[in-house]
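Morning, everyone. I'll take you through one structure today, starting with a pair of strands. Please have a look at it first.

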2 protein chains.
Amino acid sequence: MTAERVEEVTVELGPRAYQVLVGSSLLHLTGPRLASLGLRGRCGLVTSARVGALYRAPVEASLRAAGFEPTVVELPDGEEHKTLATLERLYDGLLAAGLERRSPLVAVGGGVVGDVAGFAAATLLRGIPILQVPTTLLAQVDASVGGKTGVNHRTGKNLLGAFHQPCGVIADVDVLRSLPRREYVAGLAEVVKYGLIGDPGLFALIERNLDALLRLESDLLVRVVAACVRQKAAVVAADEREETGARAVLNFGHTVGHGVEAVTEYRRYLHGEAVAIGMVAACRVSQALGLCAPGLVARVQGVLGRAGLPAELPAELRGPQLVAAMRTDKKVAGGKIRFVAIEDIGRTRLVELASSEIVNQL
Amino acid sequence: MTAERVEEVTVELGPRAYQVLVGSSLLHLTGPRLASLGLRGRCGLVTSARVGALYRAPVEASLRAAGFEPTVVELPDGEEHKTLATLERLYDGLLAAGLERRSPLVAVGGGVVGDVAGFAAATLLRGIPILQVPTTLLAQVDASVGGKTGVNHRTGKNLLGAFHQPCGVIADVDVLRSLPRREYVAGLAEVVKYGLIGDPGLFALIERNLDALLRLESDLLVRVVAACVRQKAAVVAADEREETGARAVLNFGHTVGHGVEAVTEYRRYLHGEAVAIGMVAACRVSQALGLCAPGLVARVQGVLGRAGLPAELPAELRGPQLVAAMRTDKKVAGGKIRFVAIEDIGRTRLVELASSEIVNQL
C-alpha cells in the first residue's frame with residue numbers, strides 16, 4: 001500500500017487563475033469542485049466512447065450529487081476525429097441542452113476530448129467555463145493545463161483553436177491504469193521533457209525510479225505528475241499566450257517530433273514517441289552547436305530507451321520531407337524556426353535556425 | 001465644404017489596447033497603420049463581394065504600398081452566410097495563403113464580414129491580429145470595436161464566437177455614402193442608443209442636427225461616430241468580456257429588439273430598426289417600473305420617428321412567441337433576463353426581469 005496523496009497546484013493567471021488537483025480517487029470531486037466555483041444548473045459532460053464507458057458514470061454521479069444537470073455528449077475516439085466537423089456536432093449537442101453563459105463543460109478524456117471540448121468552451125456563447133478531467137498521462141501533464149484548445153485542419157494539426165483557460169483541472173492518476181501500455185509509456189516522454197527543460201531533480205527522480213513509474217506506483221505518479229504540472233503552470237503563468245518566448249520552452253523536442261509525426265502521417269508513432277525522438281535530436285543539435293556537453297545525448301537516450309521509447313531518428317526519415325514538414329509547423333516566424341536547444345539538464349536556450357540546419361545535424 | 005477632421009479614440013485594455021481612427025478619406029492608412037504596429041509580410045484581406053467592388057482596391061493598394069502581400073478572400077454578402085460553413089471556407093482560404101502567427105487580417109465590410117473575419121482571427125493559429133475597417137454605420141459605432149466576434153447557429157444568432165480584440169479600427173465616414181439609405185438610417189438607431197445610455201450631449205446634438213446627419217454631413221458624422229466610439233471604448237475597457245455587468249448597458253433596446261428580429265425571422269426589420277422598437281419598449285418598461293419620467297417615451301419616439309425609424313412594437317408581435325424568443329437570448333442568467341432599463345437620458349439601470357414581465361408592459 002502506498003500513502004494517499006493529493007497535490008494542489010495553482011496556475012497563477014490573475015483573474016483567470018485556477019487549481020490543478022493531482023491525486024488518486026479524485027473523480028468524485030468533479031461536482032463539488034464546480035459548485036465551489038459558484039457554478040450550478042445545466043452542464044455539458046464531454047467524453048469519448050471508450051473513456052465514457054469507463055469513467056462517465058462516476059463523474060456524472062458526482063455532478064448530479066452536487067446539483068448539476070449534465071447533458072452527455074460523446075465524441076468519436078481518435079485523432080482523426082479532431083476536426084471542425086466533430087466540433088460542429090459538439091456545438092449542436094451542447095446548444096440543444098440549453099446551456100447558458102455560466103453553464104460549465106466537463107471534459108473527461110485524453111487530448112482529443114480536452115482540445116475539442118476546450119475549443120467548444122472557448123467559442124460557445126463567446127466562452128463558457130470548462131473543467132478538464134484528463135485521463136491520459138499526456139493530457140494530465142500537458143494538454144489539460146494552459147488553455148490551448150483546437151482542432152486539426154487538413155493542412156496541419158491544431159491550426160484552428162483558441163487560448164481558453166479551464167476553470168480547474170482534476171488529474172486522477174488512478175485512471176492511468178486503464179491506458180494501453182504503449183500510450184502510458186508515450187506519455188512518459190513528456191514527463192522526461194519536464195525534467196530536461198527545467199527540473200534536474202525530476203529527471204534524477206525518473207532515472208532512479210523508472211521501474212516503479214512503469215509499474216504506475218500511485219504515490220510516485222502523484223509526485224511526478226504534480227512536478228510536471230507545477231512546471232507547466234509556471235511557464236503558462238509567465239507566457240499565457242506564447243508571446244514572450246517563455247512558453248516556447250515547452251516545445252523542446254517538438255520541432256523534430258512534429259516533423260516526424262507529419263512525414264509518417266501520424267500512423268507510425270504516438271505523439272510522445274515522436275517527441276522522444278525529437279528530444280534526442282534536439283540534444284544532438286545542441287551538441288553540434290556547442291551548447292551542451294557530449295554526454296547528454298547518451299544520458300537522455302538511456303532513460304528513454306529503458307522506458308521503452310524510441311530514442312533515435314530512423315535513417316529513412318532524414319530527408320527533405322522532414323525539412324518541409326518542420327517548416328509548416330506553427331512555431332515559425334519569418335521563415336526561421338524557433339528551436340529549443342538544451343545546455344544542460346534543466347536548462348534550455350531558444351535559437352533561431354533554418355530547418356535544414358536542424359536536419360543536417362541529425 | 002466641411003473642415004477635415006480625424007479623431008483618435010483609444011480602447012484602454014492594457015496589453016490589448018488599440019486605437020480607433022474616425023475621419024474621412026482614411027482607407028489609405030490601412031497599410032501604414034499595420035506597419036506601425038510592427039506587422040509585415042503576408043496578410044489576409046477579408047471583404048464581401050459588394051463591399052469589395054467598392055473599397056477593395058484602395059485598401060489593397062495601401063497594403064502593398066506598405067510592403068504587405070495581401071491575399072483576398074471574399075465572403076458572400078448577407079446575414080444568412082454568417083455561418084460555420086462560411087468560416088470554414090475562410091479558414092481554407094487564409095491557411096492556403098500561408099499566414100503565420102503575426103500575419104494580420106484586414107476586415108473591410110459591415111458586421112457580417114467583421115464578425116466572421118474576427119472569429120477567424122480569434123481562432124487561426126490560436127489567434128492572429130485583425131484590423132477592422134467597418135463600412136456600415138452600425139459596424140463603425142458598434143461591432144468593429146470591442147472584440148465580439150461570431151457566427152450564427154441555426155438555433156440562434158451569434159451563439160458561436162469568441163472575444164478577440166482587434167489591433168486597430170479605421171472608421172472612414174466617407175464610405176457610408178455608398179450605403180443603402182435604409183441601412184444608414186438603421187445605423188442611426190444605435191447612435192441614438194449611445195446618447196440614451198450615457199451621453200445626454202450626444203442625444204441633444206442628434207436632436208438638433210438630425211437633418212444634417214441624414215444628409216451625411218462629414219464633420220458632423222465624424223463628431224457623432226467618435227462620440228459613440230468613445231463611449232463604446234469606455235464600456236469595453238470597464239468590462240471587456242461582459243462579466244461585471246458594465247458592458248450589459250450596450251444591450252439597451254436589444255432584449256426586445258432581438259426578440260422582434262427572431263419572431264419576424266430576421267426578414268422584416270434591419271437590426272437597427274428592431275433596436276429602435278426595442279428602445280421605445282425599454283422606455284415603456286422603465287416607465288411602468290416607475291424608473292423614468294413619462295415624457296421620455298415621447299421624446300425618444302420623436303427623434304427615432306423623424307429619422308424614419310419604426311418607433312412602436314406592432315400589435316401583432318406582442319405575444320407568447322416574443323416571450324419565448326427573448327428567453328433564448330444570450331443575456332439570460334438563471335432563467336431571468338438582465339434587462340437594461342433607463343432612468344433618464346444618459347442614465348440606465350440593470351434590472352432582472354422575467355420575459356413575461358417585459359412583454360406585459362408593452
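Start in chain A, with strand β3, residues 42–48, and strand β5, residues 105–109: they run parallel, and 4 bridges join them. Helices (H or I, at least four residues) and strands (E, at least two) are DSSP runs, numbered from the N terminus. Two strands pair if DSSP finds at least two bridges between them. One bridge to look at: A:Val46 has A:Ala107 in β5(A) as its partner.

Some ground rules. This is a predicted model, where local features need pLDDT of at least 70 and side-chain atom pairs count only at pLDDT 80 or more, while totals for chains, interfaces and linings use all residues. Residues are numbered from 1 along each chain as its sequence is written, chains are lettered from A and ligands numbered from 1 in the order in which they are written, and side-chain values use heavy atoms, with hydrogens and water left out.

Now the whole sheet. In chain A, 7 strands form an open sheet with mixed pairing, in the order β1-β2-β9-β6-β5-β3-β4. Which strands of chain A stand at the edges? They are β1 (6–11) and β4 (69–75); each has a single partner strand, so one side of each lacks a neighbour in the sheet. From one strand to the next, the twist averages 15 degrees.

Helices pack on this sheet. Helix α4 of chain A, residues 111–123, touches β3, β4, β5 and β6 (130–134) of chain A, and its direction makes about 165 degrees with that of β5(A). Contact here means heavy atoms within 4.5 Å. Axes are lines fitted to C-alpha atoms, for helices over the stretch in contact, and angles run from 0 to 180 degrees between N-to-C directions. Helix α9 of chain A, residues 218–238, touches β1 and β2 (18–23) of chain A, with its direction at about 5 degrees to that of β1(A).

What joins B:Arg101 to A:Glu242? A salt bridge, with the closest N and O atoms 2.5 Å apart. The rule is a side-chain nitrogen of Lys or Arg within 4 Å of a carboxyl oxygen of Asp or Glu. B:Arg101 sits in the loop between α3 (84–96) and β5 (105–109) of chain B, and A:Glu242 in the loop between α9 and α10 (254–263) of chain A, so the pair joins two chains. B:Arg101 is buried at 16% relative accessibility, and A:Glu242 is buried at 7%. Buried means under 20% relative accessible area, exposed over 50%, partly exposed in between (1.4 Å probe, protein chains only).

Last, a pair within chain A. A:Lys157 and A:Glu79 form a salt bridge, their closest N and O atoms 2.9 Å apart. A:Lys157 lies in strand β8 (residues 156–160) and A:Glu79 in the loop between β4 and α3 (84–96), so the pair ties together parts 78 residues apart in sequence. A:Lys157 is partly exposed, at 23%. Over all chains, the count is 44 salt bridges.
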